[in-house]
Structures are given as C-alpha cells and as structure tokens.
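Hello,

Here is the structure you were going to look at. My notes follow below it.

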Amino acid sequence: MNDKISFIIDDREIKAKKGQTILAAAQEAGIYIPRLCSKEGLSPFGSCRVCTVLVNGRAQASCTQPVAQGIVVENSSEKVFQIRKQIIEMLFIEGNHFCMFCEKSGNCELQALAYRFGILAPSLPFMFPEKDIDASHPDVFIDRNRCVLCGRCVRASRELDGKHVFQFVGRGPERRIAVNASADLKNTELESSDKAVEICPVGAIIRKRVGFKIPVGKRLYDHEPIGSDIEKACT
Amino acid sequence: MKKEMESTVKNICRDSGNDKIHLLDILRRVQNQFGCVSDEAIDLIAKSLNIPRVDVESTVTFYSFLSKEPKGQIVIRLCNDIIDRMNGYDKVAKAFREELGIDFGETTKDGKISLENTPCIGMCDQAPAALVNGEVVTYLSTDRAREIVKILRLTGNPKKLVQRLGDGNNAHELVKSMVQNNIRRAGEVVFSLAESQPNIALEKALAMSPVEVINEVKTARLRGRGGAGFPTGMKWEFTRAANGDKKYIICNADEGEPGTFKDRVLLTELPDRIFEGMTIAGYAIGAEEGIMYLRGEYEYLYNFLEATLEKRRKDGLLGKNVMGKKEFNFDIRIQLGAGAYICGEETALISSCEGFRGDPKNRPPFPAQRGFLGYPSCINNVETFCAVLSILDKGAGWFAELGSRGSAGTKVLSVSGDCQSPGIYEYPFGITIKKLLKDVGAEDAMAVQVGGASGQMIGEKDYDRIICFDDLATGGSIMIFGPQRNILEVVDYFMEFFIEESCGYCTPCRVGNVVLRNYLQKIISGKGEPSDLDFLQKLGENIKAASRCGLGQTSPNPILSTLKNFHPVYAAMVREETEGLQPTFDIQAALRDSEAITGRKSVLFIH
C-alpha cells in the first residue's frame, strides 16, 4: 500500500505521510510554518491560529489540517503574512507584555514571532486588561498578564505529566487558565520539574529563581529568527 | 447546612449514575437547588464523578445559567436583544431596577431575586420578554414589570406570573405558558404535517431499506434547515458509512441566533412529528440512540417533550423493535443546555452533550466520522426532521418541485422587528424580500437582517433578491428595521452579542471581535477617520478567514455587510483629521487618575 502523498506548498512539491498535518509535513521538508499553540509531543489544538495557511485558497490551521493528495498550500503569500501578523498583534494587545523586563525575553516564542514578522509595536490599540498573578507555589509562578491561552500547559499536564493541574475556565474575553484547586497553584500537584512548566511559550508560567540566568547573547532567539532550525535542517 | 449540601449533591450525582457525561444535568440541578455551584459543590461533584475539580469549574464558568456566585431563589433574565431594545427594553429595565432596588447583575438584600440580562430567548415576536427561572413572560411593559416584582415578592412562585395562556399547545397542561405561536402562514411542508396522519412516514420508512430512505431524502434534494444548508441525505450517508460500534442522531434544538424562534413553535406544535423524524433518521443511519439538545431557554417545554417521548415509548414507537420492526431499537433522550449560543454549532453541541464546556472541536474528524463520545453522529435541525416526514409522506419528487433551483422545499421564517405582523411564516424557497415585507406589513423597511446576527443586512436595492441557499440564506431569522432606526446601533449590538458568546478558544474571534467593536464605537462617537473603514474591512476579513468555527467565521458579517450595503451611513460619521491630532485621545480622561492622586486640577489643561 502506498501511503505517501504529495502536495504543493509555495510552488514546491513535497511528499507526506497520510494522516500527517500540513504543519508537520512542511516541517519535515524544511519549511517552517510559524506556530504558537502547536508543540511536538502534544496533541494538536488549533487555538492560536498563527499557523494559518491557505489550502486551495481557503484559510485553515495547518496544525490540525491533515494533508491531502494534490492540495495547494500557500505559506508565504502576502495574504497569509498579513493574517498571521494581525493575530500575533492581537496576542500582544489582549495581554500586558513588557518584554524589556520579562524573564522570558529572548526565549519567548511570542516575542520571537514578533521579531520574525517585523512587528516593532502593535498597530492595534492596547487593551491593558487587569490580570492576576499566582505566586503561591514555592517554585513556580503564573503571570496571567503574559498568558496567550495556547493551552500547552493544559495538554502537557495531562498528556505528559499524568496530572490535571491546568484547565480553561470562563468564556470569550473572560477565558483564562485556572488551576486544579479551590485556592491557588500551591494547592495543586504541580512540581517545578513538570513538563507543563517548561512548555509555556511565553512568560506566563515561570520557574522561580532562574530568571535572567542566561545572559543576553546566549538566549534562544538572540541570533536567529524563530524557525531557523527547521529551515536549516533540510538545506 | 454543609452536611445537607453534601448529601444532596451526592444524591444528584448518583441519580445520574455518577457519570461525567451527565455533568451539565448535574450542574443544572445543583444550581437550581442552591442558587449557585459553589467551590464546595464543585469539589463534591468532582469527587463523585472522579474527575478533576478544575474540569467541573471549567464547565460551570462556561454557561450563563450556571454561576459560582450565589444567585437569588428567583432569577429574572430580561432579554436585551436588539428587537427587545426596539420594543421598550430600556423602560422595562428601568422599572425592574426601581421596583427591585437593584441593578442588573445584582441580587436583592434578602437573597430572593436576582436581575440579569440575557441575549435572544426566542421571543422576538412578543418582545420585550424575560425568563423568570424557567417561566417565560412576554409583551412586557413598565406596569407589567412592576406587577411581576410584586407577585414574586408576594408568592415567591414564578408560575403565578402566567395569567393568560398562549395559543395551541402553549395552553397544554404540561406547558401552561403565556407564549404565543403567532403562526401567520402555514406552508406545504412543515405546518401541513398538522393535518397528515402521524407515523405514516415512519411506517413507510421502515418498509424500505435504510439506504432507500437515504436515497429518497437525496432525491428530494433536502438541505439542512439550520442555515448552513448541507445536503441532508449526504450527511446521513456519511454517518451510515462511517465505522463505529454505535451511531447517534442528534436534533439541534438550540436555536440561539438572534431573531430566530421558529424551532420553539415547531417544538410546541409538532413534537411528536419531530421525534418521528428523528426515529426515521436513526433507522437510516443505523443509530439506536437519539439526543435532542434543547436550549436552556426552552426549559418550559421540557416536561411536555418528555411526556411526548414517554407516550411514544408506550405506543411502541420508541424502544425495542420500533413499530414491530425486528432489530430496530431506538430511543431518544433530551439534553438541556444552559445558556450558550455557541452550542448551536454542531461540534460545540457535542462537547456540551458530553458534559464539557461548549468549545467547538477541531475538524476533521467531522461528527459523521467521530462525533458524540467518538461515535459517528449526525446532527440535524428541528425543521429538517419535519421536512423528512413530508418527503416520505408525499414523495421526494413532490418535494423537489417545491422551492427554487438548488433549494427544494419550504423554509419556516421567524419574522420580527418593525412590521405589523411578527411571527412564523412558511414559504417555498425563492420568495423575494419585497413579497415577504408586503406580507408581514413592513413595506417601509429601511433594512432587513437576513439570517440573524451572523447573516447579512440588506437595504432597499436588494429587496428583489430571494431567500434560498444560493442567494440570501437564513436559518429562519428575519429582523426588520424601519426608517427610524440607527443602523450602527444595531451593528454595535450584534458585535456585543458575539463578544459575549464567543467561547474564546481561538485568537481571532476572542480578540478580533473586541477590536472590531472598539473601532465601530470610535466611529459611532464621531471620532472615526476614513482610514478606519478600510481597517474594519480588513480586520473583519481576517477574522472570518482565520477563526476556528462558524461563530468567528461569521461574527464580522454585521460590519462587513453594512459597510457594503449602507456605506453612506459610515461615510457620514467619519472625517479626515487635518491637524495631526489623534481624535480618540481625551486629555481630561488621561489626567483624571493623576488629578485624583495629587488632589488638584491640572493648571495647564483646564476643564
């Protein structure tokens, strides 16, 4: 049985396995599709929409959309770029992101995406919402000002740590990450070694007492834009 | 009290078999019993169902009829949708506030009565209306509002508010509601069922093979009546063909689209026939179980619908060997919602049936492949099941001849707003807006919203267009706006609605709609610039393209369709800023905090 299929992405024909997502197939071919909620090892979620591509002209999230024989995918057209850029800006304005004194700076995927997309300041007006912080846990804190609601922690705690520390509560603009306790993070089973902690793409879940340990110049995204590793792997 | 709560909650959970898929039922009961689902109740439920407490909390905080904070024994939910606002919502709201001495979102000091707003409750043809616990009160006036509060204070019993019963089955002893059907035009397909003999269609279907039934529906070219118009026969075929030990047929009775109330009337007048249609669909796709997802706002119909099901069971029309057909076992249960527009989206509806918050699911897999509990599931609208009966009764050819090219049959419309005769109208597809406006007594209409908030607003130049899937599609909502209305206010209300009802899962819908509304309000306040119109257009298009489900894919429509059809209204509100100033910047507002802290006024920027 031939379970290989081929499709076009930005004028390039690539091979993929049946059942693979567009994002994963592109990655194997050395094509980076920007993403935030998607993370290898976690089930696809499709919430941030940063990985939006056009499939035969129609917008789809490439992290949840499976490949199909002969589809034509746009990953680097102007239209796709503008949609993604606006989504990234939305994530900045709905929270309170102060990169200049955030521990995650330089290792933050949202910040790195902004640089990759040339966003120096969002063109949308800031919302300056009031968000809360939970510093009750001895080793980890949550700063919801920086949360992008990607749900990585929700999935990682369940799928990798075998716990249920995080979940979404509320709806619409009130949607937020809650912890599995009637009180605070310290009342949950969370340990600082949990995958759910390190998997946060932004500075919303942070280990205490390690902030700013990595000097500027040695941080993850100090020298090359996010996604460069994927683009280099196959060239 | 604590002990009592513990045993009550435990009993409620046990009644539902301590099964987490019944979480929504459990939460509804706890809410009704205690006026809230408190942290203690959440802990108890989580323990009984053996699920994480945060998962329980996740569901509680999603639905607007559930709350962690204590509510009064009686909750008055005044509908604040656009039609109610046009019919005197403001005055009625003021009367409630004054009579109760509280504001919206508050509870009287004695803990007896809470006052809240709620979006469309499906009573636009008898607005303003409100829900008082499960009871519906309609045609509200300021006097009536004050009287309602007095009666509630005196008796504590919302049932006492029903003084005059509505028509048809609204007067049925299990309904006893003051709701009116307002059926103005009974058409050939749906309301003709009232005259046809029950269960003939089911008998005919059972005499055929399931594949023949599906072919009949395909030949009739029936398309889904919820609004999207997917071919029903194909949906059945996909579900039938999908691999699965079990299959489910689900009736979407969660009409929440502002301005839609036709399913409410069908559920009131034709419940037996709807269940008959579900049974036929169950037979066709190979399901043994059906679920009717009934919106929480229609709880007043619940006992009546349950009794209808019970009678069908007694008559051998549900249960083992339906109508004597060997090896066809089929039964139906009703799942009540709890106040969430998004649950009308079929994958969100499935999440809700499973006891979760109503977040839509990723597609693929589609429900026909993996739906309720992972089993192949077919979700159809209430009206679709009615159409199936007529197809089997009168023949697929007869049905296909009705209506317009591409849209066979009839459509039941819910008409409300500025017209003489709001109510229910069933027409063959293909009717022009002009004809409809003449029939409902609204020939001076300035604008018509076709398809609810998620549809489109059209003006006079489009009144020759027709209602059908390929031109003006609608799930049934038609809202009419007379020349005295302010279009931008209507649009602003729709945007407020979508922001409230977004599940918040994906970024473009959660954030984008808020940004859209902020820009709209900037324009409404007279501070808009011509470039803001281009911005609204582009942002709206991006939200539509990038959102995850139908809500976000349609939520910019009020803005986009009015930008297209009522451009002069926007153009008149914006002006080029020539002095290089930012018109939205308000120096006084910016200084307010500092002035408060320092305790003195600015000497440079004098008020």
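This is a predicted model. I start with the sheets of chain B, then turn to the interface and a few local points.

**Six-stranded sheet, chain B**

One open sheet of chain B has six strands in the order β6-β14-β13-β17-β15-β16, and the pairing is mixed. Its edges are β6 (183-185) and β16 (456-459) of chain B; each has a single partner strand, so one side of each is left without a neighbour in the sheet. On average, neighbouring strands here are turned by 30° against each other, direction ignored.

Within this sheet, β13 (residues 410-417) and β14 (residues 423-428) of chain B run antiparallel and are joined by six bridges. One residue pair to look for is V412(B), which stands opposite E426(B) in β14(B).

Helix α11 (residues 262-269) of chain B packs on the sheet and touches β6, β13 and β14 of chain B. The direction of α11 makes about 115° with that of β13(B). Helix α17 (residues 433-440) of chain B also packs on the sheet, where it touches β13, β14, β15 (447-450), β16 and β17 (477-481) of chain B. For α17, the angle to the direction of β14(B) is about 140°.

**Four-stranded sheet, chain B**

Another open sheet of chain B has four strands, ordered β9-β8-β7-β10, with parallel pairing. β9 (331-336) and β10 of chain B stand at its edges with a single partner strand each, and therefore one side of each lacks a neighbour in the sheet. Neighbouring strands are turned by 25° against each other on average, again with direction ignored.

The strands β7 (residues 248-253) and β8 (residues 289-294) of chain B run parallel, with six bridges between them. Helix α15 (residues 382-394) of chain B lies across β7 and β10 of chain B and runs at about 90° to β10(B).

**Interface between chains A and B**

In the contact between the two chains, 41 residues of chain A meet 44 residues of chain B. The area buried between them is about 3200 Å², and carbon and sulfur atoms give 56% of that. On the chain A side, M90(A), R171(A) and R175(A) lose the most area to chain B, together 22% of what that side buries.

There are four salt bridges between chain A and chain B. One of the residues named above, R175(A), forms a salt bridge with D359(B), with the closest N and O atoms 3.2 Å apart.

Which elements of chain A give two or more residues to the side that touches chain B? They are α2 (78-94), β8 (166-169) and β9 (176-179) of chain A. The largest share, eight residues, comes from α2(A). By residue type, the side of chain A that touches chain B divides into 22 nonpolar, 14 polar and five charged residues.

**N362(B)**

N362(B) is in the loop between α14 and β10 of chain B. Leaving out residues up to four places away in sequence, N362(B) touches P44(A), F45(A), G46(A) and T64(A) from chain A, and Y505(B) and R548(B) from chain B. A polar atom of the N362(B) side chain lies 3.1 Å from the backbone oxygen of F45(A). The side chain of N362(B) also makes a polar contact with the side chain of R548(B), at 2.9 Å. As a distance check, N362(B) and K538(B) are 176 residues apart in sequence and 25 Å apart in space, C-alpha to C-alpha.

**Backbone points to check**

The loop that holds N362(B), between α14 (346-353) and β10 (377-381) of chain B, also holds P365(B). The peptide bond from P364(B) to P365(B) is cis, with omega near 0°. Another cis peptide bond runs from A127(B) to P128(B), with omega near -5°. P128(B) is placed in the loop between β3 (113-118) and β4 (130-132) of chain B.

In chain A, F128(A) has phi near 45°, a positive value in a residue other than glycine. F128(A) is in the loop between α3 (109-116) and β6 (133-134) of chain A.

Regards

Key: Residues are numbered from 1 along each chain as its sequence is written. Chains are lettered from A and ligands numbered from 1 in the order in which they are written. This is a predicted model: local features need pLDDT of at least 70, side-chain atom pairs count only at pLDDT 80 or more; totals for chains, interfaces and linings use all residues. Side-chain values use heavy atoms; hydrogens and water are left out. Two strands pair if DSSP finds at least two bridges between them. Axes are lines fitted to C-alpha atoms, for helices over the stretch in contact, and angles run from 0 to 180 degrees between N-to-C directions. Contact means heavy atoms within 4.5 Å. Buried area is the accessible area (1.4 Å probe) that two parts lose on being put together, summed over both. A salt bridge is a side-chain nitrogen of Lys or Arg within 4 Å of a carboxyl oxygen of Asp or Glu. Ala, Val, Leu, Ile, Met, Phe, Trp, Tyr, Cys and Pro count as nonpolar, Asp, Glu, Lys and Arg as charged, and the others, Gly among them, as polar. A polar contact is a pair of N or O atoms within 3.5 Å; within protein, one must be able to donate a hydrogen and the other to accept it, and residues adjacent in sequence count only if both atoms are side-chain atoms.
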